[in-house]
Amino acid sequence: MTTEVRQDKSDKRKVLGIFVRTVVFLILLLSIYTMVLIVNQRHGIGLTADPKTGAVDLRDWSFEARGRNYLDTGWEFYPNLLLTPEDFSETTEAFPHFKNVTISSNGWTHLGLDAAATSSSLTTMSEFGYGTYRIAILMPPDSGVVAMDFPEINHAAEIYVNGILLTQFGQVSESKEGFEHEEAYSDIRVSPPEDGIIEIIIPCSNFSNPFGGIAIPPAIGTPEQIDAIDTVSKMWISSVVTLFVLIIITGFYVSLTFRRKLKYYYFILIILISVSYEFSEKIFNPLPGDWNKLLQTTFFLLMSFVATLYFSALYPKTDENFFSRTKNWDIILIAAATCGFLAFYWINPEFLHYKTSVVANSVFVTIINSYNFLRVLYMTPRHPEQGTFHLISAALASIIFSTMIIRAPQIFFIPLHSVGIVLMIFGTAIYFTIRYVNNFNQISRFTIELENAVQEKTRSIARVNAELVSMNQMLIKNEDARKKMMSNVSHDLRTPITAIRGYIELIMNSKINTPRETINTYLTNMHTRSVQMEQLIEDLVQLTRLESDPADIKTQTVNLRDMIDNLYELYLMESEGSNKKLHLDMPDDDMLTVMGDPNRLLRVFENLIVNAMRYTTDEGRIEIRAFREIAALGGDAIHIIVRDNGIGIPAPELPYIFDRFYRATNASIHKSGSGLGLSIVKSIVEKHGGRIWAESVEKEGSTFHVIIPSATPQEMEQHKREDD
Ligand code: ADP
């Protein structure tokens, strides 16, 4: 494995680790998010208006027992009018207004169907909550301190309770110019008077935010219940901040690992834009006039466009699929539409005050992002090699979508149906993570298996190669040996034939009076030569047979004691008349039985004794020993030693004496040797499962050792039965 591959692997592992952790964090956030939703559902329950006073009746509602309630209906709304309690001293009917207005949880104020307003300007500014809200609440007189939270009033407002200004944020103003936003969140506490009526009047001005006026229904309950909402809301804000920190960290790691790739610059850009968008409200709100709306909308639309660029850069364009066939026309189309939207708003910023523009933007961005998300879903199975990329894109798509979802209905309230969408998106991200992890593991496994297989193959190739090399060397050696043998055979045969022919010629050319003795000498020499030839041919035949037919050994029980004894007697007789001395040393009691071919074994010992006689001088002393050896050759064996004090074998030649035709340089003492004897002997010994070796010191003598496995009692028994 190269360092590069290992580096690449560890990079991937690093990114994978980050993503797994990111997803775990996202799940954690989602849990908090769901908890916030459950705790923070802002729907009033069973609010009814008192017929006499027109006040919302909460007399039967016990906060302790039934929890907090929400003031989401029963409001009056006086569009485009900033009124104070004094203005209401006469009658509320003095100003044109909507009755029974519902403050919906998604940021829109729904004007009641029974609206009694007549003002022609109602349809424009009123949509963004510029005007005065009024509500009267009927409480049980002994209810103690009640608390109310106004999670979001955009943007400048005053809150009057029973004629007293309790809270003020921003500068309530009829002018579109200047700083208007200060604090959208507000928390008030009040003790109901004796008649139990709490009257709340909220004049508010809003010129820059699409979600104006009271954007989210206020909660009413005991101070503890309202504090609890506050805590959860704070938790939620910190979760959102955590999410963005995570996105930034992830983006940083991703760009680090896959640097120098266009798509990752897009990725970073998206993150920057989306984070900026999140904080743009704070940054842009102080801007006068329409600038806040214009810049926020621009960011919002641009984010989706950059996301499109990113998603299209993610996948290769080479194969035939729908998204490759678009040939970037999709991007051009989205770019054109984005530019169209932006151009329109920058030329006519007043359109941003209309609800329709907000809807149009949201729909447009939702379409683009759905298209992008579909691209991920479609391309992922077609490009499994892009595992990491898919994961990033899926996570990114989730982030973009959730950002949109978070943004649209405001941070503090998210309708339950969007949880479904978020769940789906996170689910997809988790799915991709699991897929990626599985693919990654599988690839790692395959890589290891492949590496092992390659190593194994390399090893076996090396083995085969070594075998081939040695086989080749053997073939060369065999070929050399064959050539050498041919020349040896022809030489060894030609020598006696030449001699015999010479003697025949001598006899043919002999004179009539050539003495009989001379002719006899010629004939004796001829006889010796022909015996020598016959011996040579016999040796060759035997050697060939031994080598070509392994089953050529006829096995039977052979008593080596008798065989060696007979040989000893024979050669003792032959040595009579010379000074050579033969000794035999065999323990009497030992069983020297082997399983083997008696003729062949005879040849072995005869050959060794003959050699010992041949290669000793007249003062030769030849010792023959045979004994049983325990635990040799994996069982008991018979060890035979033939030792002489003859000419010995020069040390460098010792390893070759068992080779065919090999004769040591000092072997000329005995002229007629062929060099075949010991190779035949070795072959026979090995065929009997035995071993043969020689020890020798030149001019001092040689010792030949033969070990043959001894016959086991079972073998002997069986053989006996076969014979019977
Ligand atoms: P040869 O027909 O030459 O005796 P062998 O195969 O029997 O052939 O022996 C091979 C060679 O080993 C001999 O030529 C000789 O050089 C050497 N050799 C064998 N036995 C002895 C021995 N007892 N002492 C010295 N040299 C020996």
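This is a predicted model: local features need pLDDT of at least 70, side-chain atom pairs count only at pLDDT 80 or more; totals for chains, interfaces and linings use all residues.
Residues are numbered from 1 along each chain as its sequence is written, and side-chain values use heavy atoms, with hydrogens and water left out.

The ligand is surrounded by 21 residues, the closest being N611, Y615, D644, R663 and L678; a residue is near a molecule if one of its heavy atoms lies within 4 Å of it. By class, this shell comprises 10 nonpolar, 8 polar and 3 charged residues. In this division Ala, Val, Leu, Ile, Met, Phe, Trp, Tyr, Cys and Pro count as nonpolar, Asp, Glu, Lys and Arg as charged, and the others, Gly among them, as polar.

A polar backbone atom of A664 is 2.9 Å from an oxygen atom of the ligand, and a backbone N or O atom of G677 lies 3.2 Å from a ligand oxygen atom. At S702, an N or O atom of the side chain is 3.2 Å from a nitrogen atom of the ligand. Of the 530 Å² of accessible area that the ligand has on its own, the protein covers 98% (Shrake-Rupley method, 1.4 Å probe).

The ligand sits in the largest pocket, in the sense that more than half of its atoms lie within 2 Å of the grid points. A pocket is an open set of points on a 1 Å grid over the protein atoms alone, where a 1.4 Å probe fits, with protein on both sides within 12 Å along at least five of seven lines; lining residues have an atom within 4 Å of a point. The elements giving two or more residues to the ligand shell are α13 (598-614), α14 (677-687) and β22 (701-709), and α13 gives the most, with 4 residues. Helices (H or I, at least four residues) and strands (E, at least two) are DSSP runs, numbered from the N terminus.

The lining of the largest pocket consists of 44 residues, of which R614, H670, S672, G673 and S674 lie nearest the centre. To this lining, α11 gives the most, with 9 residues.

Two asparagines show positive phi. N80, in the loop between β4 (75-79) and β5 (98-103), has a phi of about 60°.

Terms used. A polar contact is a pair of N or O atoms within 3.5 Å; within protein, one must be able to donate a hydrogen and the other to accept it, and residues adjacent in sequence count only if both atoms are side-chain atoms.
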